[in-house]
Amino acid sequence: MEEQIVFEDNHILVINKAAGQLVQGDKTGDLSLLDLIKDFIKKRDHKPGNVFLGLVHRIDRPTSGLVIYAKTSKALSRLTQMVKNREIKKTYWAVVPKVDIPKSQRLVHYLQKNEKNNKATVFPKVTEGAKESILNYEVIKILDNFQLLEVDLETGRHHQIRAQLSKIGVPIKGDLKYGSVRSNPDGGIHLHARKLEFLHPVTNVNVEIVAPVPQNDAVWKACEE
């Protein structure tokens, strides 16, 4: 657990999540990071009672990278509001097939979440029940068989990056749900929450955090070299 903590102070704890880890409990009943971190803090800090820890935002289970947890109720309420106001800048890395796409592009689609299959349907224009979804990407590295995109979100929709990139013909490596030809050995996908930038909710100091990519994967390591 200690190795996954990339930032911590009295109010905030930021984790570099591994692909496959749950950020909080769900219907699977699998152990979540929320539970693991609480248990870790309780033991490390010798806390007798319950440990307060609040989840500020989510990333998908097969995605790796940065997740913010709040250690105080004050930080949690302020950070939650900052997420709503889009005051937390999130940058992702995505590995996609090496096909010809514009070097940089602003994608605007309309996404509708299907609860039954837990998947987002993408529409090119305004559609009833679908929410406007905007991201900007830039190709930042070309590999032998893949290319690395840096993605900045303007909105935060369900499976947004996965669905929008699939729509333009570049599904994320390993993402079978959105059209990748094969899965990754670990069941994860090559989408990584790379960077977070925000004003600290209590101290007002600018915070910028970068998460190393998964080190057990040759493609990811090639991206970071």
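A nonpolar core is a set of buried Ala, Val, Leu, Ile, Met, Phe, Trp, Tyr and Cys residues joined through side-chain atoms within 4.5 Å, where buried means under 20% relative accessible area, exposed over 50% and partly exposed in between, with a 1.4 Å probe and protein chains only. The model I present today is predicted, so that local features need pLDDT of at least 70 and side-chain atom pairs count only at pLDDT 80 or more, while totals for chains, interfaces and linings use all residues. Residues are numbered from 1 along each chain as its sequence is written, and side-chain values use heavy atoms, leaving out hydrogens and water.

I begin with the core. The largest nonpolar core has 47 residues, of which Ile68, Tyr69, Leu79, Leu165 and Phe198 touch the most other members. Apart from this core lies another, of 7 residues, including Trp220 and Cys223. In soluble globular proteins, nonpolar side chains tend to be buried together.

I turn next to the strands, which are DSSP runs of E of at least two residues, numbered from the N terminus, as helices are runs of H or I of at least four. Strand β10, residues 191–199, pairs with β11 in the antiparallel sense over 5 bridges; pairing requires at least two DSSP bridges. Glutamate 197 stands opposite glutamate 208 in β11.

Finally, consider lysine 167, in helix α3. Why does lysine 167 count as partly exposed? Because its relative accessibility is 45%. Lysine 167 touches His109 and Val122, not counting residues up to four places away in sequence, contact meaning heavy atoms within 4.5 Å.
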